[in-house]
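Hi everyone, thanks for coming.

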Amino acid sequence: MYRIYLVEDEEHLRGILEAYLRQEGWQVRSFADGFSAREAIAERPDLWVLDIMLPGGVDGYQLLREVKADRPLQPVIFISARDADIDRVVGLEMGSDDYIAKPFLPRELVVRTRRLLERVYRIPAEALAETGGRRSRLYLRPYTIDEAARMVEDDQGTVIDLTSKEFELLLYFARHAGQVLEREQVLNAVWGSDYFGSDRVVDDLVRRLRRRLRELRLETVYGYGYRVVGG
């Protein structure tokens, strides 16, 4: 599922918005101030929802600046109760992707969030509905796997070129992170049950994948198969 990070200091509103976002099947983490949210920037969620007015000296503008400095294409929605025109213009100039002025209906945030996720991660609304809102991205730190785009990038935003079979193997491992997988399981999943040949083809592809993704925590379980640690 998509990971949404919500920063809102009003406790009642924060609880309502969090509940609405969770109902869409998204994983939501909320913060009451800018300092605690700042510590989570490196976790790189799929989307940030930032209130502009925050207590403690770190406001939404500063958070936006730091989020975009870490990852320029990180999707961000701004919310504010201040002068809507000024905040909207400043926020957009600083790189926010959308803006909602208070007061607003929680459902409006849900709709805007869904549309932004669809636009950024290139998933049609129909496909998103069919999957029940499940994310098309998986994480094996420090790598992000975009299923829809069939793309892998590291935590610096660098795209890593993989062959089709390398990508399918990585995707299978990511979907079963933490599980010990037999060679035969991997063979059937990546090559198909009608594949005729040695299961050593799995070992060869694993070696290639390790060379491409040197920080991937891919363990060999001797005499059995493989296990990827991460997520």
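Helix α7, residues 164-175, packs against helix α9, residues 200-212, at an angle of about 90°, and their axes are 10 Å apart. Before I go on, a word on the source: this is a predicted model, where local features need pLDDT of at least 70, side-chain atom pairs count only at pLDDT 80 or more, and totals for chains, interfaces and linings use all residues. Residues are numbered from 1 along each chain as its sequence is written, and side-chain values use heavy atoms, with hydrogens and water left out.

Helices here are DSSP runs of H or I with at least four residues, strands are runs of E with at least two, and both are numbered from the N terminus. Axes are lines fitted to C-alpha atoms, for helices over the stretch in contact, with angles from 0 to 180 degrees between N-to-C directions. So α7 and α9 are roughly perpendicular (65 to 115 degrees; under 35 is roughly parallel, over 145 roughly antiparallel, the rest oblique).

Who touches whom? From α7 we have Lys165, Glu166, Leu169, Leu170 and Phe173, and from α9 Leu205, Val206, Arg208, Leu209 and Arg212, where contact means heavy atoms within 4.5 Å. By class, that contact has 6 nonpolar, no polar and 4 charged residues (nonpolar: Ala, Val, Leu, Ile, Met, Phe, Trp, Tyr, Cys and Pro; charged: Asp, Glu, Lys and Arg; polar: the others, Gly among them).

Now α8, residues 183-191. Its axis and that of α9 come within 9 Å and cross at roughly 80°, which makes this pair roughly perpendicular too. On the α8 side are Arg183, Val186, Leu187 and Trp191, and they meet Arg200, Val201, Val202, Asp203 and Leu205 of α9.

Is Arg183 buried or exposed? With 15% relative accessibility, Arg183 counts as buried (buried is under 20% relative accessible area, exposed over 50%, partly exposed in between, with a 1.4 Å probe and protein chains only). Beyond four places in sequence, the contacts of Arg183 include Asp199, Asp203 and Tyr226.

Finally, the core. The largest nonpolar core has 27 residues; such a core is a set of buried Ala, Val, Leu, Ile, Met, Phe, Trp, Tyr and Cys residues joined through side-chain atoms within 4.5 Å. Helix α7 gives the largest share, 7 residues. Leu170 is among those with the most contacts inside this core, and beyond four places in sequence Leu170 touches residues including Ile145, Leu209 and Leu216. Thanks, everyone!
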